[in-house]
Amino acid sequence: MIFAGRHLTAEQVADLTADPSLTAGLLDREDDVFDLDKAWHGIHFLLTGSSWETSPGAGEAVLGGDPVGDDLGYGPARLLPAERVQLVAATLREVTADSLRARFDPAALLAEGIYPQVWDDEDFANYLLPNFLSLQAFYLAAAEEKQAVLLAIT
């Protein structure tokens, strides 16, 4: 299971809303798709303290949005409108490496069944933090362009 995300213009959102079958095609284009690999679940847990629940702002960065289109294998993709992307980006901007590190506990991730369920002390600096920083940049860029975000776990 990997996380895929893509910025969408207002025109693309309108097209997708009119025809949700476009979802899979929008996420298949490698050059336009952001890949968070398997770090998605660990990052979500560090941001929310929950395995699957979301919360407004940074808590929607990975599993937020409204379902759109068909099941892509692990549920449908989700669409975060540009207005919500602004909130996600603003709150992600405030998250620091130190605040995330303080929440990182490999035993807790394993106990909660956080995918991929092979956590150790080295995973924060070597895997989760670099992927979080990429996710943060992904949202900040979308917010600057006033774009929506399409998210999926595939």
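Strands are DSSP runs of type E with at least two residues, and helices are runs of type H or I with at least four residues, both numbered from the N terminus. Two strands count as paired if DSSP finds at least two bridges between them.

The model is predicted, so local features need pLDDT of at least 70 and side-chain atom pairs count only at pLDDT 80 or more, while totals for chains, interfaces and linings use all residues. Residues are numbered from 1 along each chain as its sequence is written, and side-chain values use heavy atoms, with hydrogens and water left out.

**View 1. The open sheet.** An open sheet is formed by 5 strands with antiparallel pairing, in the order E2-E1-E5-E4-E3. Strand E2 (34-37) and strand E3 (66-71) are the edge strands, each pairing on one side only. On average, neighbouring strands of this sheet are turned by 25° against each other, direction ignored.

**View 2. Strands E1 and E2.** Strand E1 (residues 3-8) pairs with E2 in the antiparallel sense over 3 bridges. Phe34 in E2 is the bridge partner of Gly5.

**View 3. Strand E5 and its two faces.** Strand E5 (residues 148-153) is largely enclosed by the rest of the structure, because 6 of its 6 residues are buried (under 20% relative accessible area, with a 1.4 Å probe and protein chains only). Ala148, Leu150 and Ala152 point one way from E5, Val149, Leu151 and Ile153 point the other way, and all are buried.

**View 4. The partners of E5.** E5 pairs with E1 in the antiparallel sense over 6 bridges, and Ala148 in E5 stands opposite Leu8. Strand E4 (residues 76-80) also pairs with E5 in the antiparallel sense, over 3 bridges. Here Val149 in E5 is the bridge partner of Leu80.

Methods
Axes fitted to C-alpha atoms, helices over the stretch in contact; angles between N-to-C directions. Buried < 20%, exposed > 50% of the residue type's maximum accessible area, 1.4 Å probe, protein only.
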